[in-house]
Amino acid sequence: MEDLLTLRDLSVVYPTRFGPFTAIEGINLTLQKGEIHGLVGESGAGKSTIGAAIMGLIPAPGYIAQGQVHLDGMDLRALDAKAYHKLRGARISMIFQDPQTSLNPLLTIEDQLVETIRQHTDQTRTQARDKAIALLQETGIHDAEARMAEYPHQFSGGMRQRVVIALALCTEPDLIIADEPTTALDVAIQKQILQLIRRLAKDRGIGFILITHDIGVIAEITDSVTVLRGGKVMEHGQTAQVLGRPAHSYTRALMAAVPLLDKRLVRFTNIMDSEPKLSAPELSWKVAGASAEYASDWLLAGDRAQAGDGPVLQVRDLDVTFYGNRPFAFGARDGFKALQSVSLQVDRGKVLGVIGESGSGKSTLAKAIVGLVRPSAGEITFEGAPLPLGRDRARTHPARRKIQMVFQDPYSSLNNRRRIEQIIGEPLRFFGLAKTRADRRRLVASVLDLVEMPQRAMLKYPHQFSGGQRQRIAVARALVARPEFLICDEPTSALDVSIQAQILNLLKDLQATFGLSILFISHNLAVVRQMADDVAVLRRGQLQESGPAEAFFEAPQAEYSRQLLAETPSLAMLSATGHG
Amino acid sequence: MLTWWRRVRVENEMLYLFLRRPVAQLAALAAFLSIMGALFAPLITPSNPYDLASFDILDSFLPPAWSDGGDPRFIIGTDDQGRDLYSSILYGTRLSLLIGLCSVAFAAVLGTALGVAAGYFGGRFDAVVMRIADVQLSLPAILTALLVDGVARGLLPRQQHEELLLVVLTVAIALSLWVDFARTARASTFVERNKEYVQAAEIMGLHPIRIMAVAILPNILGPLMVIGTVDLAVAILLEATLSFLGVGVPADQPSLGTLIDTGKDYMFSGEWWIVIFPAAMLISMIIAVNLLGDFFRAVLNPRLR
């Protein structure tokens, strides 16, 4: 059988002001009809660039430096812009990550589907409409004929992604490039969409290029896989073979970094050194007297109650209601209940993992505890004393220092216009923890050492660091306040898996050394499994179940928890489904 | 030095883009020349047009030096009073730039402070400030300036008003420009205030003023800088307009606006140079500043690149 798609020795180069940058180099790839080929790698690996190169849509000023792209034996690089334009859509389609932005919000689904069909064929409106209905039914939208008249915002995230897939199918393409098609979706919906893609590949014989950073997704549905790093192929072959017996050390490291759902590790091991190599002057720059030992001695010197003193934090019957605008001047405002009578507690020196999908109210819980959001009812007790809620908490309240937070997005949680020294030094200055400027410098440098950053980092600005390094800086900022209680709101969900493993290791070490109590929020069950002593599950603002982590992962009580556990993709799927 | 330059040229994004845009370079050169000319006017001009003793009515209406009847002492001719036009233009530019910069600085401080506070606190404070801004916006800038000038004329004794004329003019122009800064600052603050670094500062319990000044303000300077350059052009133009209308600078201190005003009377009687040269100076200065503003906007907003 002839190959559907072949890439031979493909390289893409972007000229930048720092000189030419090779985004991908010497990529070889073949795809059969009905095959799902996964491209996996961390950010910057060049996955999306390969997709763009096949589509002929490399953003200027990038260009294909060398290599060939053949579709069904036709040389795509020889096509002119007009012929390529006809080919796109007709034979190659694309599914994007965010169904929110890939549909036009001002047109109905019918308009968008019918227009696309008629663009590529000579069908009449009625014929096109019938076809659109058939496609929507095929992608699993019930009552397609009625729902077609609706606008994108009336569909849920998963349904919208189905519509996007139907749109991609409009022109009967031979090849679909799916760029992170499930990354923006919750796990339950992710599973359904992946099954749909599998079915389309099988029934219609469409070849899929599936781009993802998630090795779990690769294990679940792909037939073959290419592992990329820094624009180069590390390893490729049948999925079962590559993931089952990884030959390259990078693949092994990548897989070791994926948190496992069925096992709790003390530490992640075998992690590659992914940060850029530091030059010697970078490492030898030191502040006098600063060291990681100095930082840990200083942090331990703070008076701190010992473990086993009872719960650090208790939340009782917490309600949070968000109000919209009044429908009319004197009307009652519509309230949206983000949290409904949630009760939980964090024991001293323990980690409570809070699990929930998007919209479950987990971030609202964190905001209520730190006083950013005012609960409408309920009580929060910290170290035995009730915490004033919302704005009632004085700026000088001791809990402001004792409770610290690490945010989800390290790109927005650090002020880009301030040096790292100023960012980490701010809590020291504000809480009066360092007497002199020299003291402050010494502590900032020491804490940077503690979170495994070079001391010289204090002279730079946040934009000079990668996501993982920024998250270390954010952790350092939380630490210097000498907190008793740390809230981590999805601290690793914006990071690549290998970096995630490093940050989780760091948090585990710090927790063990300083006996911190942590509220660890995540949508990723496997990550929570690695971190938490106790677990609480939230769904639509309500507590589903809570209890010790081991017992939870062995035998979850609530129906919803069982469902969540079952739907989380994991490497174990590979052996369970047995395909590929 | 050379290696330093080579490194900086690539690493500094703004410089890198600047070196690739001849239009921006030309605009910067024109702006630089105007500022230098204005700054060093007393050193590079033959006479002081503000000094009544330095010019002679007998020299009036002399054409540029290169045309028939021109006098080599007056390169581009003289005006109806016999003042050297070249000196008048440089002194006028000096006055225009001074008023422009002062009023933009005043408007920037007032507008940014109100805008950031409105964006940060929201609610009633925001509503009140922005409604005032809306009212301000519905009055044409010239009307505001005329109004302020009129009120000042009524309140101050005639002698004092003459002395304070420049201050009144600056305040009048600033009052019609602050809204631009307030709106931009408010919109940018809205975006920044929900970012996590601001939340981190709030959790710590930092004072709102420190959060606004240290956390938010440095992050919104980009768009404000664009507004600043664009408004500088507007301020200079507004000053020229007011002077042209006769409510601007005093008659014995010619600004570009007053020069154009006097020149227009003689435009059709053959003395074209009195209006053409000041007008050309004004136009090239405004265009240069506007092009610089465009350049900043393009650099600071990657989507326009």
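This briefing covers the overall build of chain A and one of its sheets. The model is predicted: local features need pLDDT of at least 70, side-chain atom pairs count only at pLDDT 80 or more, and totals for chains, interfaces and linings use all residues. Residues are numbered from 1 along each chain as its sequence is written, with chains lettered from A and ligands numbered from 1 in the order in which they are written.

**Overall build**
- Chain A holds 23 helices and 20 strands (DSSP runs numbered from the N terminus: H or I of at least four residues, E of at least two).
- Its radius of gyration, taken over C-alpha atoms, is 26 Å, close to the 25 Å from the globule rule for 580 residues, so chain A is as compact as a globular protein of that length. That rule is 2.2 Å times the number of residues to the power 0.38.
- The C-alpha trace spans about 75 × 65 × 50 Å along its principal axes.

**Burial and contacts**
- Of the 580 residues, 45% count as buried (20 or more other C-beta atoms within 10 Å of the residue's own, C-beta atoms being placed from the backbone).
- Among contacts with a separation of 6 or more, 70% join residues 24 or more positions apart (contact: C-beta atoms, placed from the backbone, within 7 Å).

**A four-stranded sheet**
- An open sheet in chain A runs β12-β11-β14-β15, with antiparallel pairing (at least two DSSP bridges per pair).
- β12 (335–347) and β15 (385–386) of chain A are the edges; each has a single partner strand, so one side of each lacks a neighbour in the sheet.
- Nine bridges link β11 (residues 311–323) of chain A to antiparallel β12(A).
- Thr321(A) sits opposite Lys337(A) of β12(A).
- Helix α14 (residues 362–370) of chain A packs on this sheet, touching β11, β12 and β14 (377–382) of chain A. Its direction makes about 70° with that of β12(A) (N-to-C directions, 0 to 180 degrees; axes are lines fitted to C-alpha atoms, for helices over the stretch in contact).

Conventions:
A residue is buried if 20 or more other C-beta atoms lie within 10 Å of its own, exposed if 12 or fewer, and partly exposed in between; C-beta atoms are placed from the backbone. Two residues are in contact if their C-beta atoms, placed from the backbone, lie within 7 Å.
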